[in-house]
Amino acid sequence: MGLLQNIIFGVITGSYIAIAAIGFNLIYGIVNMINFAYGEYLTLGAFIGLFAATALPIPLPVAVLVAMAGGGLVSIVLARAFFTPINQTGPVPLLLTSIGLGIALRNAIRLVAGREARYYDTETTTFRFDAVPDLSVGSVDLLGGFFVTSKQLIVVASAVAVFVAIYGLLTRTDVGIAMRAMGDDESLARVRGIDTQLIRDSVWVLAGILAGLSGVLLAIQTNVSATTGFSQILQILSAAILGGAGSPYGAIVGAYLIGIVLALSTAFLPSGMSGLSSAIAFGILILVLLVKPSGIAGAEVREA
Amino acid sequence: MSLLDIDDLDAGYGDIKVLSGIHLHVEDGEYVTVVGPNGAGKSTVMKAIVGIASCLSGTVTFRGTDIAGMAPEEIVHEGIGYVPQSNNVFPTLTVEENLRIGAYVLETVPEERKQAVYDRFPVLADRTDEKAGSLSGGQQQMLAMGCALMLDPDVLLLDEPSAGLAPDLVGDMFDRIDTINDAGTTVLMVEQNAKEALRRCDRGYVLANGENRYEDDGDALLNDEEVRQQFLGG
């Protein structure tokens, strides 16, 4: 496989990481907490979608919408139950609570759904582009034939749709602008009459919807098990921090960088070292943060 | 009845009392300033009115309603426009978006008021799509005032509007406040620049250690020997 094919794999991985990382960064930037249980929201979304598509059953696109709605509901209920009551205690208690909640959710899912992986029943069409010529440099083929599947195109298209929708929300609607205002300065937001709890709740719902979508897309690509979301949380967190803590647009850049680095290191490292691919992704994270601590798109921290 | 009447107010942050027994009133159309040394509690008076500082006892009556203890997001509906001293704009929002948030509690953004803000501060009209954080200190101060004016408030509270401005811009800022007051908006201002503030205002209060010390017409305070000695540097 050539470089081109692996970059395509990276873009696909980056797409569902990006959707989740936007949600993660909205929570980080506006509610001001790192939500380590966020991976479990992906898992729950994927299971809700699976249940809707197989047990009910309803068509897959509708099941995806059900998963998104379910993710939003899960997110707001958990936030109201566990995070809102301790909102004033600061980021560290919130982070620790989310780690504990994540462990509890993961094991609860395992108890209910079992250990084995489940699969969405989908059909997929593969589009092959074998006519692309090879362009070898040393042992690496820069171009070469490649393929994409219809599922992969759906993942990328969904991500693009999410980017457009989030941009529209954050720049064109009152609630979106109020979210950004709150991320800037919560005290000033209250002075301007913004109901901060309402905005926080909106962020939780929105982040849950994004987690649900990301989880379903991930599960359609591969499968869903109790650890589906948890296995992604470090990538999501890295993408979010790499792009710029709290910045939804930075999260997109960070996600594609992480996705492509993961794909390339898996493909081109010697076979004995392929387990190091995540280590390389995090190495890049550390390097970027050393050069620019606020991340690629992050604003400088404002003096209080 | 006064537009704003503060009676025997104790206020502070959490359990820490900063103000004790403050009396202050503002009449419709007036221009009132509060001066005093650093740490006198001037800004806390403002924050107590808008609900950021906690009122421990006493009353803050605005148009006949006791607003002491109400939350900031409720008080903004009462017709009080507040311009904090620093961090008074949202830096990652554009000028236009800041003004839109200024009118957040209204059903729709009042276009004619927004235009009035741009007419009053033309430098903002040239930068509608720029991030507020990229504006100069003086421009940010104008934007913050513009945000407060979006609600056409009954009273405009200004917390140290000259703070952080280059010296040659200070006179210009006070001129703009005069214009706003002349157009009929009641102004209550806290200022470090005591002489200039007292020269401009109708009435003034001198605060020290969280208590009322002097209260009179601006000119009278300026010419008062004791006030000059203690608070205006002779």
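Reader: What share of the 234 residues of chain B counts as buried?
Author: This is a predicted model: local features need pLDDT of at least 70, side-chain atom pairs count only at pLDDT 80 or more, and totals for chains, interfaces and linings use all residues. Residues are numbered from 1 along each chain as its sequence is written, while chains are lettered from A and ligands numbered from 1 in the order in which they are written. A residue is buried if 20 or more other C-beta atoms lie within 10 Å of its own, exposed if 12 or fewer, and partly exposed in between, with C-beta atoms placed from the backbone. Of the 234 residues of chain B, the buried share is 45%.

Reader: What radius of gyration does chain B have?
Author: Along the principal axes, the C-alpha atoms of chain B fill a box of roughly 50 × 40 × 30 Å. The radius is taken over C-alpha atoms, and the globule rule is 2.2 Å times the number of residues to the power 0.38. For 234 residues that rule gives a value near 17 Å, and chain B agrees, at 17 Å.

Reader: Among contacts in chain B between residues at least 6 apart in sequence, what percentage joins residues at least 24 apart?
Author: Two residues are in contact if their C-beta atoms, placed from the backbone, lie within 7 Å. In chain B, the percentage that joins residues at least 24 apart is 65%.

Reader: Is Asn87(B) buried, exposed or partly exposed?
Author: Phi of Asn87(B) is positive, near 50 degrees. Most residues other than glycine have a negative phi. Asn87(B) sits in the loop between strand 6 (80–83) and helix 3 (95–102) of chain B; helices (H or I, at least four residues) and strands (E, at least two) are DSSP runs, numbered from the N terminus. Because 16 other C-beta atoms lie within 10 Å, Asn87(B) is partly exposed.

Reader: What class does Glu160(B) fall in, buried or exposed?
Author: Glu160(B) also has a positive phi, about 50 degrees. Its loop runs between strand 7 (155–159) and helix 7 (167–182) of chain B. Since 21 C-beta neighbours lie inside 10 Å, Glu160(B) counts as buried.

Reader: Which two residues of chain A does a cis peptide bond join?
Author: Most peptide bonds are trans. Pro57(A) lies in the loop between helix 2 (38–54) and helix 3 (60–83) of chain A. With omega about -25 degrees, the cis bond joins Leu56(A) and Pro57(A).

Reader: How many nonpolar residues are on the side of chain B that touches chain A?
Author: The contact takes 17 residues from chain A and 20 from chain B. Helix 3 of chain B gives the largest share of the chain B side, four residues. Ala, Val, Leu, Ile, Met, Phe, Trp, Tyr, Cys and Pro count as nonpolar, Asp, Glu, Lys and Arg as charged, and the others, Gly among them, as polar. The chain B side has three charged residues, five polar ones and, as nonpolar ones, twelve.
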